[in-house]
Amino acid sequence: MDVLKNYVNGEWTSSKSTEAVDVHNPANQEVISKVPFGEATAQDMNNAIELAHQAYLEWKEVPTMQRIQPLFKLKTLLENHKEEIAKLITEECGKTYGESLGELQRAIENVEVACGTHVMMQSEFSENIASGIDEFMIRQPLGVSGCITPFNFPGMIPFWFLPYAIATGNAFVIKPSEKVPLTMQYVFDLIDKEMDLPKGLLSLVHGGKDAVDAMLQHPKVKTISFVGSTNVARYIYSEGTKYGKRVQAQGGAKNPVVIMPDADIEMTTKIIIDSVYGCAGQRCLAASVIIPIGDQGRFKESLVEAAKVHTVGYGMDESIKMGPVITPESKTRIEQLIGKGVDEGAKLLLDGRNHKIDGLEKGNFIAPTILSDVPIEGKIIGTEIFGPVMSLVDFNELDTAIDFINKGRYGNMACIFTQDGLSARKFRSETMAGNIGINIGVAAPVAMFPFSGWKESFFGDLHGQGRHAIEFFTQTKVVIERWPKNWSRQF
Ligand code: NAD
């Protein structure tokens, strides 16, 4: 099986590395590709960045109205090929085909929003700040933008950044997760064949830490956009800023959901089950800690009954609702965390460990799992499990639930289910998380809004998507201009 190539300076080129790692289909462990890895990928990255910088020097001079034109073509390409791309996402990432189509829709929406970059880049002008003096601000691109993405949304997350970076006049280099390199490989193949972009404007370099470190250290990289686990996000932020770069680094999560006693039981159950078990719990906005306030067992029973019938299997099988987790190591880690929860005193209401699917015995499957009475002083309650595991916690008051949520290390999302406006208003105002859902299970901001993680779910200032992305990928320049009247010529 051939090792994947990098896309550099508008051409597919072999990596300098002789090392490669296997890419597996998580549903059956088949090797579906090989991706370059190891020290020599740093050379690939450095080479791509130098050539991307050359592209930037010309691209920044292109008027913004012209820079957005390729995005219309990109949108059409993604739309016309969404079935093939979605199949690839399911093959390498494991999620259901419907979920893969859903994430692509979010990618397309970001391209659409970035088509308005010429408007979003417009700036401010003050006439006569003093007599005969005007002051205005312009936005200019920075240079080469680096991007490092995780395994769980291979088709969507690159587009939180890519369209905005190039529309604002930067060149863009992406290193996708080595676990799911095929989706971006396919998208770049489409770009190569169907679009007429300047060479080097968009580059794809495979690898792991070596390629990332080269990106972090290269002086021509001016911005870094990262999405992944909190420990790596923290490392990327501290290293990137140490080398003088602007960094936005999105990290992990442990998302709480409060259910008030007045919540609609049917709707709440359905939405929470979809949120906890969607993408096999491998969503940074997956509901994970469920807090039914003053519950007498009503909501718990309803959630257990719904989780029991949440079917697991191969993502291309239309009858199933949940695919496998990404790797055998992930499956082992998640199953060990479930065991640890029980050791800490939690009750196992539903045990999805050791789940086997006929014909897919090697797949990384875990069935829906529910831990109840999870001790709030234990370790599991604050640990990102990133798998199909619901942790139930009991509180009698909304105040104590909010206090508990606010003490958590993460702040990616918090949701409340209620029919009472006052409870909802209190929750949205006092809860320390950047994305709030009210009767919503996955509070994922659409492309016009920033993806607003807080606390250890985000390191940086400006988030991905929308206007935040425009600001992140540009630097402001303020011009103060004087034209004295006595210089004016008579015409
Ligand atoms: P990860 O941190 O293991 O990897 C992310 C990227 O970083 C990959 O491209 C990987 O090659 C690279 N990387 C890994 N270790 C590195 C190191 N030591 N030095 C430099 N680069 C390194 O994350 P993952 O397992 O691919 O993704 C799952 C995590 O991502 C979860 O924690 C999830 O919550 C998080 N996530 C967060 C968001 C968000 O918006 N906050 C969105 C999606 C996923």
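A residue is near a molecule if one of its heavy atoms lies within 4 Å of it. The model is predicted: local features need pLDDT of at least 70, side-chain atom pairs count only at pLDDT 80 or more, and totals for chains, interfaces and linings use all residues. Residues are numbered from 1 along each chain as its sequence is written, and side-chain values use heavy atoms, with hydrogens and water left out.

**View 1. The shell around the ligand.** The ligand is surrounded by 27 residues. Glu178, Ser229, Gln250, Gly251 and Glu384 are the closest. By type, the shell holds 14 nonpolar, 9 polar and 4 charged residues; Gly counts as polar, and Asp, Glu, Lys and Arg as charged.

View 2. A polar contact is a pair of N or O atoms within 3.5 Å. An oxygen atom of the ligand lies 2.6 Å from a side-chain N or O atom of Glu178. For Lys175, a polar side-chain atom is 3.0 Å from a ligand oxygen. Thr149 uses a backbone N or O atom, 2.8 Å from an oxygen atom of the ligand. The protein covers 88% of the 850 Å² of accessible area that the ligand has on its own (Shrake-Rupley method, 1.4 Å probe).

View 3. Domain 1 (6–251 + 457–479) and domain 2 (255–438) each give at least three residues to the shell around the ligand. The domain bounds come from an automatic or database assignment.

Methods
Polar contact = N/O pair within 3.5 Å; in protein donor to acceptor, adjacent residues only side chain to side chain.
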